Amino acid sequence: MRTLHRPAATLAVAILGFSLAGCSSDPAETPTDGTGDESAANIYEFETNGVEPSSEVTVRVPDDLREVMGADAGDMVIDQIVVTAHELEGAQYCAADLSMSYLGNQPLDMIAANETPTDRESAVQTFIDRIPDSGVDDEASVVEWLDSAIEGRIAKGYSESDIADSFEELFGTPVDLESDTYLSPYQDGDTGQDVFDRYVGSASDEQAPGTTIVAESLGLNDAHPQTDLDESAPETGTYVSEDYTTITVVGDCAASATDPDNAIEIELPSVDADGRSDTTATVQLSTMTDGTIGVAGEVKNYMRDANDDWIDS
């Protein structure tokens, strides 16, 4: 699986706090504008002074910044994330639900861009690259070539060790990864399939699941299907719904709303036309046992000036 690469960048920082229920605590009161509706302060757009605590907050890259970003804004994967409380049984961990709103055909395009050859496919390609003037182009033709090579070498009077040496010269020495021991490429009586299997071993033929790709694009590890979350005995990790629109993040509770050591960092990814992944912004969630979360927001390559306008940093 390809690792999503995010270059280092200059970051502009803004702090906000909001409430998260979890750890068997009650959510903080939601600020209102006096009309009974949630105030605009519950939408966090990387303001310098942050927003008031709330049991629900929407995190998004603001429109004025998207205008400044120009064409790069078209590479963004996420339009906004609505963060709400997720109550857990017990007091060991805290959690938040992330309701994801994607742009365009995301995250499906991002998942497709990150689908790389499986371990087994990579092993087959190594054979194809190293077999001289053979015309092989897939696993079946590789095995056929090995069958023919064995028959030809036996006909020429090659010994078992001679045949093994000839394969080792072409393909290197196979290794048993479980026992960490080298294997002989060929033993008397082997077929081409036997030789191929000895080299490939238990190489997986499975792609990284979309849940893993989506979680890693957000800078999160330990991805699981959302159905794996056990409310009564939760474990830290990232739990992603089948359609990728709801993500529950379970982590340690922070000592304060500005505790960076126990913060959960979420990245807002971008993917260009060639599938290269980058980060537009990040938010760090510091979750406390009383249901309060402190969030530090960071925008890559941009900062607000004295007039609160976005400029290159």
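**Salt bridges in a predicted model**

Colleague: Is Arg-60 buried or exposed in this model?
Modeller: The model is predicted. Buried means under 20% relative accessible area. Arg-60 has a relative accessible area of 13%, so Arg-60 is buried.

Colleague: Which side chain meets Arg-60 in a salt bridge at 2.9 Å?
Modeller: Arg-60 lies in strand S3 (56–60), and its partner in the loop between strand S2 (43–44) and strand S3. The pair therefore ties together parts that are 15 residues apart in sequence. The N to O distance is 2.9 Å, and the partner is Glu-45.

Colleague: Which residues join Glu-45 and Arg-60 in one network?
Modeller: The network is built from salt bridges that share partners. Besides Glu-45 and Arg-60, the members are Asp-63, Arg-66 and Asp-79.

Colleague: How many residues apart are Asp-278 and Lys-300?
Modeller: Their side chains meet in a salt bridge, 2.5 Å from N to O. Asp-278 sits in strand S12 (residues 277–287) and Lys-300 in strand S13 (residues 292–300). The pair links distant parts of the chain, 22 residues apart.

Colleague: In the salt bridge of Asp-308 and Arg-304, what is the relative accessibility of Arg-304?
Modeller: The two side chains meet at 3.5 Å, N to O. Asp-308 is partly exposed at 39%. Arg-304 counts as buried, with a relative accessibility of 15%.

Colleague: How many salt bridges does the structure hold?
Modeller: Among them are Glu-45 with Arg-60, Asp-278 with Lys-300, and Asp-308 with Arg-304. The total for the structure is nine.

Conventions. Residues numbered from 1 in each chain as written. Predicted model: local features only at pLDDT ≥ 70, side-chain atom pairs only at ≥ 80, totals over all residues. Heavy atoms only, no water. Salt bridge = Lys/Arg side-chain N within 4 Å of Asp/Glu carboxyl O. Helix = DSSP H or I, 4+ residues; strand = E, 2+ residues; numbered from the N terminus. Buried < 20%, exposed > 50% of the residue type's maximum accessible area, 1.4 Å probe, protein only.
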